[in-house]
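Me: Please look at the chain below, and then let us work through a few questions on its strands and side chains.

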Amino acid sequence: MSVPSSESSSAQPFANIRIVLVNTSHPGNIGGTARAMKNMGLSRLYLVSPQDFPSDKAVWRSAGATDVLDNAVVVETLDEAIAGCGLVVGTSARERRIPWPLLDPRKCGESVWAEAANHEVAVVFGREDRGLTNEELYKCNYHVHIPANPDYSSLNLATAVQVICYEIRMAYLLAAEGNTLPQFQWDMPPAEPNAMEMYYGHLEQTLVELDFLDRDNPKQTMTRLRRLYNRIRMDQMELNILRGVLTAMQNYIHYSGKVMRKIGKAPGLESMRELTKDDKPADQ
């Protein structure tokens, strides 16, 4: 394929972002790259002198991202792949003798997305075994380094592409929607403050009736329970359910007390424990 003569810089930013693979040896990595790109909404793949492409292995590894492969631009040199780009970022796995402006993946994603709104941008990935040459890296405005585990830092090519494409998508979501997760509507409105206060009163009374809470010496129990429920931020339905649970507990305590009085016992949990103890077999 030939390089398109011109592409509009006024297009959507995704359309201005190129992923460039240089001299890739394994076609499976090209397919994996296509899949990683499509997962994150990118579609423009440039291949500089690939050793085996087109390839059935690339199609198989793309897992359905064949449109990215079908539209891939194949060129002979890196200069052709980055022609017309206002920003070029090269991936580098090691420090160079001459330091170059270095980005981490998060900053790379932010920079690529911001500049893609105004002009063409390229992110360049090197060979599987040795990355980009110094001469190729010198053609880049910035280098990006993925801070992997130093004891095992070798990343598969398609995996490295996935990391960078993911960060580009995160930058897009933050810029376009103010959030990295889809917005959604909760199914019930949040519980109102006065309803929560009524719940806390109901809860305290129930805990007292259970002999769990000493009203004269409550310590920090209710304060900590308030903190727990405020952290959760219940909705109205959840609050109604818990009010129902408390009411059921109070009803049980009330009717159990009536039963205890009928058999001549004082109502309360302590009397119920004593009664249960009396009913146990002698050998227990």
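Me: Which strand does E4 join through 3 bridges?
Reply: In this predicted model, local features need pLDDT of at least 70 and side-chain atom pairs pLDDT 80 or more, while totals for chains, interfaces and linings use all residues. Residues are numbered from 1 along each chain as its sequence is written, and side-chain values use heavy atoms, with hydrogens and water left out. Strands are DSSP runs of E with at least two residues, numbered from the N terminus, and two of them pair if DSSP finds at least two bridges between them. The strand that runs parallel to E4 and is joined to it by 3 bridges is E7, residues 142-144.

Me: What is the bridge partner of Val89 in E6?
Reply: Strand E4 is also joined to E6 (residues 120-125), in parallel, by 5 bridges. In E7, Val89 has Tyr142 as its bridge partner, whereas in E6 the partner of Val89 is Val123.

Me: Is Glu120 buried or exposed?
Reply: Glu120 lies in strand E6. Buried means under 20% relative accessible area and exposed over 50%, with partly exposed in between, using a 1.4 Å probe and protein chains only. Because its relative accessibility is 5%, Glu120 counts as buried.

Definitions and conventions: Helix = DSSP H or I, 4+ residues; strand = E, 2+ residues; numbered from the N terminus.
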